[in-house]
Amino acid sequence: FQAEDGIRDHCVTGVQTCALPISDANQNGTPDCLEVVAPDEAAFLAAQALLDAGQYQPALDAFRQLLVDFPQTGRRIDVEYGIARCILGLGDYAAALALFQQFIAAHPASPLVEGATYFEAKCLYGQARYADAVPAFQAFLRSYPASLYHDNAEYYLGRSDFALALYRSEE
């Protein structure tokens, strides 16, 4: 088969023809290093890449389309979480909060509950519901002391405490 010789500055620098051995594990001649990705997985990875790039509306559209195109996808839980993250990224804290709460209730054993719990508290903060955000961040920190979101949770907990102190001093 033919393969690109190299890519530099997003330009293919050449094409090379090579022969591949057929191994016992792969009798069809496909290189063992190539992975076939199911269409729903490819759609999920594309949507996730948009989310990771901060392109929330295109990612939201892609996640929603994935559920239309592949209603039985094995990535449904990940898609639900991705949709909630997109809505949070778009600044609709109330809608995102409801989705994160639904996610936690529907999938309590999912490893994504940790992130959903953090983002639930962040939605409260985003709505300036500091009296609710403080215990939410405290509960998160108690439940997930080694979390990737730990430092952010401490930061928003401190900001929420500060906002509450300002509010109380104005009364």
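Predicted model: local features only at pLDDT ≥ 70, side-chain atom pairs only at ≥ 80, totals over all residues.
**Stop 1: Asp40**

Select Asp40. Its place is in helix 1, residues 39-52. Asp40 is buried, yet it has no salt bridge. Which side chain of opposite charge is nearest to Asp40? It is Arg75, 7.0 Å away. A salt bridge needs a nitrogen-to-oxygen distance within 4 Å.

Now show the side chain of Thr73. A polar contact of 2.7 Å joins it to the side chain of Asp40. Setting aside neighbours within four places in sequence, Asp40 is in contact with Leu66, Phe70, Thr73 and Gly74.

**Stop 2: Arg75 and its partners**

Move to Arg75. It sits in the loop between helix 2 and helix 3.

The side chains of Arg75 and Glu41 meet in a salt bridge of 2.7 Å, N to O. Glu41 is in helix 1, and the pair links distant parts of the chain, 34 residues apart. Glu41 counts as partly exposed, at 22% relative accessibility.

A salt bridge of 3.3 Å, N to O, joins the side chains of Arg75 and Asp78. Asp78 is partly exposed, with a relative accessible area of 22%. Keep the three residues on screen: Glu41, Arg75 and Asp78 are linked in a network of salt bridges.

**Stop 3: another salt bridge**

How many salt bridges does the structure hold? There are 3. One of them joins the side chains of Arg129 and Asp132, at 3.1 Å, N to O. Select both. Arg129 is partly exposed, with a relative accessible area of 32%. Asp132 is partly exposed too, at 36% relative accessibility.

**Stop 4: aromatic pairs**

Switch to rings. The structure holds 14 aromatic pairs. Select Phe44 and Phe63, one of these pairs. Their ring centres are 6.0 Å apart and their planes stand at 50°, so the pair is tilted. Phe44 lies in helix 1 and Phe63 in helix 2 (residues 56-69), so the pair ties together parts that are 19 residues apart in sequence. Are these two residues, Phe44 and Phe63, buried or exposed? Both are buried.

Now select Tyr125 and Tyr130. Here the ring centres lie 5.6 Å apart with the planes at 65°, so the pair is edge-to-face. Tyr125 is buried, with a relative accessible area of 14%. Tyr130 counts as partly exposed, at 22%.

**Stop 5: helix 3**

Select residues 76-89. This is helix 3, with 14 residues. From its first C-alpha to its last it reaches 20 Å, close to the 20 Å expected at 1.5 Å a residue.

Colour the buried positions. They are Val79, Tyr81, Gly82, Ile83, Ala84, Cys86, Ile87 and Leu88. What covers the buried residues of helix 3? The cover includes helix 1, helix 2, helix 4 (93-106) and helix 5 (113-126). Then step just past the end of helix 3 to Gly91, which takes a positive phi of about 90°.

**Stop 6: Asp161**

Finish at Asp161. Its place is in helix 7, residues 150-170. Asp161 is partly exposed, with a relative accessible area of 38%. Asp161 and Val134 are 27 residues apart in sequence and 6.7 Å apart in space.

Definitions and conventions
Residues numbered from 1 in each chain as written. Heavy atoms only, no water. Helix = DSSP H or I, 4+ residues; strand = E, 2+ residues; numbered from the N terminus. Buried < 20%, exposed > 50% of the residue type's maximum accessible area, 1.4 Å probe, protein only. Lys, Arg positive; Asp, Glu negative; His and termini not counted. Polar contact = N/O pair within 3.5 Å; in protein donor to acceptor, adjacent residues only side chain to side chain. Contact = heavy atoms within 4.5 Å. Phe/Tyr/Trp six-rings, centres within 6.5 Å; stacked < 30°, edge-to-face > 60°. Expected span 1.5 Å × (residues − 1).
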